[in-house]
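Hi everyone, thanks for coming.

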Amino acid sequence: MPDREYVIDPMISAKTIAARIEALSREIGAAFAGTEKLVVVGLLRGSFVFIADLVREIDMPVEVDFLEATSYGNAMESSREVRILKDLRGKIEGRDVLVVEDIVDTGHTLKHVLGLLAARNPARLKSIALLDKPSRRETDIRADWIGFEIPDEFVVGYGIDFAQRNRNLPYIGKVRFV
Ligand code: PRP
């Protein structure tokens with residue numbers, strides 16, 4: 001349980017998110033035109049809502065897989081150790097792969113995951129993040145598609161949690177301590 005009381009101020013509505021996903025899905029469909037079956041990889045847990053909405057808008061055959069990573073901050077070195085808790089079920093060698101993130105913050109998670117998957121020799125490896133906080137970046141990574149660029153705010157909802165709460169909000173909200 002968070003030890004401080006907070007309220008959630010709406011930031012990006014469910015309708016705005018849906019419209020953006022529709023547009024992104026069209027771009028993804030065009031980029032992967034001709035791909036027999038796209039492997040869409042969701043990074044657990046935060047991406048579970050985004051990937052569910054995204055794949056239902058992508059008008060081509062997809063295979064859905066999941067990977068769970070966790071990272072340990074190291075303030076002294078400004079670096080993070082990323083560990084894989086759950087690996088993919090399927091093989092991606094020679095396949096076209098789209099990695100789906102809810103949010104890119106420092107970028108350590110996405111950078112590590114893309115490095116790991118690239119080593120498995122996919123045909124193409126692309127990434128999409130619903131939210132991007134460029135001001136927090138500690139790596140040289142950027143997703144190929146980004147839903148919304150946001151300032152350094154504490155956000156929740158649409159899969160994103162605060163101490164394992166608020167993932168089920170249908171919109172993105174900003175945490176405000178009261
Ligand atoms: C969050 C988020 C991203 C990562 C982004 O995951 O879902 O995966 O952090 O941070 P980074 O760019 O600084 O690496 P978290 O570890 O909170 O796990 P969760 O997805 O299970 O909530």
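I'll talk about the ligand and its surroundings, and then about a sheet. Keep in mind that this is a predicted model.

Okay, the ligand. Where does it sit? The ligand is in the largest pocket. Around the ligand there are 15 residues, and the closest are E101, D102, T106, G107 and T109. If you sort that shell by class, you get seven charged, five polar and three nonpolar residues.

Which parts of the chain supply the shell? Strand β5, residues 96–104, and helix α3, residues 108–118, each bring at least two residues to it. The most comes from β5, which gives four.

Now let's look at some polar atoms. E101, one of the closest residues, has a polar side-chain atom 2.7 Å from an oxygen atom of the ligand. For R167, an N or O atom of the side chain is 3.1 Å from a ligand oxygen. D161 has a polar side-chain atom too, 3.3 Å from an oxygen atom of the ligand.

Strand β9 covers residues 172–177, and two bridges join β8 to it. If you want to find one of these on screen, go to V156: its bridge partner in β9 is G173.

Methods:
Residues are numbered from 1 along each chain as its sequence is written. This is a predicted model: local features need pLDDT of at least 70, side-chain atom pairs count only at pLDDT 80 or more; totals for chains, interfaces and linings use all residues. Side-chain values use heavy atoms; hydrogens and water are left out. A residue is near a molecule or strand if one of its heavy atoms lies within 4 Å of it. A polar contact is a pair of N or O atoms within 3.5 Å; within protein, one must be able to donate a hydrogen and the other to accept it, and residues adjacent in sequence count only if both atoms are side-chain atoms. On a 1 Å grid over the protein atoms alone, a cavity is a set of points where a 1.4 Å probe fits but cannot get out, and a pocket is an open set with protein on both sides within 12 Å along at least five of seven lines; lining residues have an atom within 4 Å of a point. A molecule sits in a cavity or pocket if more than half of its atoms lie within 2 Å of its grid points. Ala, Val, Leu, Ile, Met, Phe, Trp, Tyr, Cys and Pro count as nonpolar, Asp, Glu, Lys and Arg as charged, and the others, Gly among them, as polar. Two strands pair if DSSP finds at least two bridges between them.
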